[in-house]
Each structure stands twice: as structure tokens, then as C-alpha cells.
Amino acid sequence: MSLHNSRRLCAWIAFIASVAMCFTACSQAHPVSTAPNPTSAVTTTVTTSAVTTTVTTTTVTTTTTTTTTTTTTTTTTTATTTLPPTTVPTTVSTAPPTTTTTAPPTTTTTTAPTHIAVPPQLSDGVTPSLWTPNCHDYITLRPAPYSWEAITTIPAGDTMVLLEWSGKYAKVSYYGLVGYVMAYWIAPADGIDAALTTVALTNWYTYEQMCADIDTLCAQFPSSCSRGSIGTSELGRDIPVLKLGAESASHHVLIQGAIHGLEHMTAWVMMASADNLLTRGALPEDVCFHLIPMSNPDGVVTAQTGLTTDRQRAIYASDVAAGYTNLDEASYAMQWKANGFGVDLNRNFDAGWELINGRPKTSSQQYKGEAVFSAKETRALRDYTLSRTFDATISYHAMGSLIYYEYGSAQPVNSLSYELGCAVRAVTGYPLVGSESTDAGGYKDWAMNALGIPSLTIEIGCEDTPLVYQEINNVLYRNLPVMEAVAQWVKR
């Protein structure tokens, strides 16, 4: 054989060897799980978008000739993964996937990445463990909350394990990498399954929906809940209260929301939580919850419809003249926080009211009223609170994903409120914040200061109000366990 032919033969042998090593390296980088399936399995099927993986492998040298071989493979994959019931693995894979997805899938029954083993729920017994980016492209996995650094990106359609909530972030595990993603950019991989039979998923929960849902729940569960009223608004709307549990219970808790018009998602999460408790048959024993989902129905209607009364149109003209807004009338109305007469209800309670600085006359926000309890809605809340002995109160607001627990320095109410806040923080991941930088005049402030009732303000949501639909995933699952946690605390 000639020297020329010998070199050609060596080159072909090197080529064939490099191809074989390429496929071996690809198989080792992404091995297929062969674990037995003793209980249940989640089947992953990607049906529409192709996944393109480029793998560059070994360089093979014979004498003086070096050949580099690169193989490109396009596949559609079906994987089956066993889900053990209790533990999250400390490691899942040695590296994040190197695949690049060309388009988000349109049909996916995937709930777990290949080889990932997860518990079905977090320790609260409600929140699912597998979540997916709630976007069209990708989300960034960061080493710490608020960090500008990136560990990697998680493409839409892929899944991650939710480990815990942390303020506006969620701590997750993605192919063995642990980091933080924005909480409102993720959603349950299998969709929301929160045992809701009546309350629909929405970020635009109306007064009419709330009233209808209260009536439906009371008809479905007549022995567990009932409807009452705390009074009427300035524009004549009823302010209903949904009572969960028996009036004869040893412990009573008041929870109110939507005292600011554009924060109407608070009414929805309260009603969804009630629906969930009733549907699961999980009402805590010997505790009666008094839920006032919309303390400010007039403000909610204004913020949702953009429609104004003659009085509100005059307020708009006044705010434009004062330089408080440059919005058109409808856009201005949809940022409405006050009641129908232009009083900010959460500045109208008798708690440091005289020290509040704000707008000097009626406005869409920040006007404290001409006197404490000058608004019908605040008088109604005051009178209802005084009608019973409450062990605790919770006020739902939006936004911030945090908990205010403090007012003044009186004891033991501040210490007790802090303890209550710790119980709620444990299930929501919302951090506790003192009240030094917040305005007085709120319902929580009055309940603590005047009545000595341990009280919290829970701020839901990550972005500005009104909260968008993307927020309902983290808002719902973080707050479903709140009533049970509060019940445990008041019965301690």
C-alpha cells in the first residue's frame, strides 16, 4: 500500500473514532433515567417545537493530521420520571441543560424535566412543587434576590422545583442549580389546582362577582358560612361580610380587603381562600373568620370601570388644577384609591390622624377626611369591630409582598403582632417590616392602638397596582394557607 493511501486510511479511521466518541459524550452528558416507578409517574411530551442541541466533542490526532468532528442532532423526546412523595433532591444533574429551544411549545403535558424527582406539594400541603416560566421567552435565575448577576436562564416551557417564597422572589432548583426568580414570572406547571369550586381565576374581581360568590358559597355550605352586612357605602352599596365558622366559636378573626379601590385583587384572594377552605372541608375548629372582602366597594367600581360621578368629575378637575395628575379622566379614575366621596379610607381612622400630611381636600387618594371616622365606610368598620371581641385582624393591601406588623410602641400588642406576623411569614414568605416609614390613620393602626388587637397589614403582589393577571399564581398560593396559620396562632 502506498504512503498516500496509508494516510487516507488513518484519516478515515480517526473520523470514524471521533464520531463514535461524540455519541458517547452526548449520552454521558444527558443520561436517560431508568429508575423504577413504585408509585406514580409524570409523563413528559413536547409536541410542537423542535429542540436543537449542538454538541462539540473530542479532537483525534493521528501522526500529523488533526480532525475535529461536530455532530448536530434534532430530536423530539418523551420522558417518564418517578415522583417520590416527600423529599427534594439535593442534586439533580451536574449541569444545566445546554439545549436551545427555537420556539415555546403550544401543547405541553410536561410537568418535570428529565430525571428530576420532586414532592407533589410544599410543606403547606397546598402549593405544588413544579413551576414553569410564566412568559414567552425565558426568566433569569439569580444567586440572590435583587441581584444583577445571572446563574443561567430558564426557557419558557421548562420546569423548576419551587423551594420557598422570599419577598418578591421565589427560591427554585433548576437542574441542580439553586437560585431566585421573580415570583410573578412563574406559574404552576400543571396549572392552578387549588380546590376552587365557585371563585373564578381573575385579576379583575368585581363587586357583583363578589356578592354572587358569597351567596353561592352560603348556599353550598349552609352549615359552615353565612352572609351579613357591616353597613353601606357613601354611594349606597352594601358592604357584605362572609362569616366562616360558628358565631359561638371561642376565637374570632376579622379580615378586610380592598379598602383602596384599585387594590381589588385583595378581595379576590380573600374569597378564593374562603372557597378553598370550604371546598376542602378544612375550616379550623372553634374559630370564626369574619371576611369583609370589599371595605370600599365604591372605590373598586370606579377603579375598574373608569366611570365617574359628578362629584368625582369635580375632584378630577381639582386634581388637574393642583398638578396632581396629567391623565385623562378615564385613566385617572382607574387609579382611584379613595371612597366615592374622595376620602382615603385608610387615613380616616383615629390613630395619629392629626399628624397625617396629605392632600388638603377631596382627591382620588391621600386625603384623610375632614375628621376621624368622617366616612361611612370607616364608621361601619369601626362599629363592626367593636361589636365582638376579636383575637386578631388582618388587612389586605397591594403591593409590595411584605407584612407590616407595628404601630407605636405600646405593649404587649406590638410583640403579639410580631408573633402573628411570624406565623404568616412562615407560609407566605413575605418579610416583616416595621411601620416607622408608613402613614398612620389606617385600620390596623386603630385596631392596635385603640383596642389592643394584634393586627397585620399584608401587602400582596410584586408590581404596581392594579395587579396584572400574571400575579394571581404567586398571590393565590402564598395566601391560601394564611387563615389556617392565623387560626393556629390565635388558639396557641
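This briefing covers the nonpolar cores and salt bridges of the structure above. The model is predicted. Its largest nonpolar core has 79 residues, and the structure holds 11 salt bridges.

**Nonpolar cores**
- Leu242, Trp268 and Ile460 have the most contacts inside the largest core.
- Helix α3 (residues 265-280) gives the most to this core, contributing 10 residues.
- A second core of 27 residues is separate, and includes Ala375, Phe390, Tyr407 and Met448.
- In soluble globular proteins, nonpolar side chains tend to be buried together.

- Asp238 pairs with Arg227 at 3.3 Å, N to O.
- Asp238 sits in strand β14 (residues 238-244) and Arg227 in strand β13 (residues 225-232), 11 residues apart.
- Asp238 is partly exposed at 22% relative accessibility, and Arg227 is partly exposed at 33%.

- Asp298 and Arg237 form a salt bridge at 2.8 Å, N to O.
- Asp298 belongs to helix α4 (residues 297-305) and Arg237 to the loop between β13 and β14, so the bridge ties together parts 61 residues apart in sequence.
- Asp298 is buried, at 1% relative accessible area, whereas Arg237 is partly exposed at 24%.

- Asp344 and Arg347 meet in a salt bridge at 3.9 Å, N to O.
- Asp344 counts as buried because its relative accessible area is 2%, under the 20% cut-off.
- Arg347 is also buried, at 9%.

Technical notes
Residues are numbered from 1 along each chain as its sequence is written. This is a predicted model: local features need pLDDT of at least 70, side-chain atom pairs count only at pLDDT 80 or more; totals for chains, interfaces and linings use all residues. Side-chain values use heavy atoms; hydrogens and water are left out. A nonpolar core is a set of buried Ala, Val, Leu, Ile, Met, Phe, Trp, Tyr and Cys residues joined through side-chain atoms within 4.5 Å. Buried means under 20% relative accessible area, exposed over 50%, partly exposed in between (1.4 Å probe, protein chains only). Helices (H or I, at least four residues) and strands (E, at least two) are DSSP runs, numbered from the N terminus. A salt bridge is a side-chain nitrogen of Lys or Arg within 4 Å of a carboxyl oxygen of Asp or Glu.
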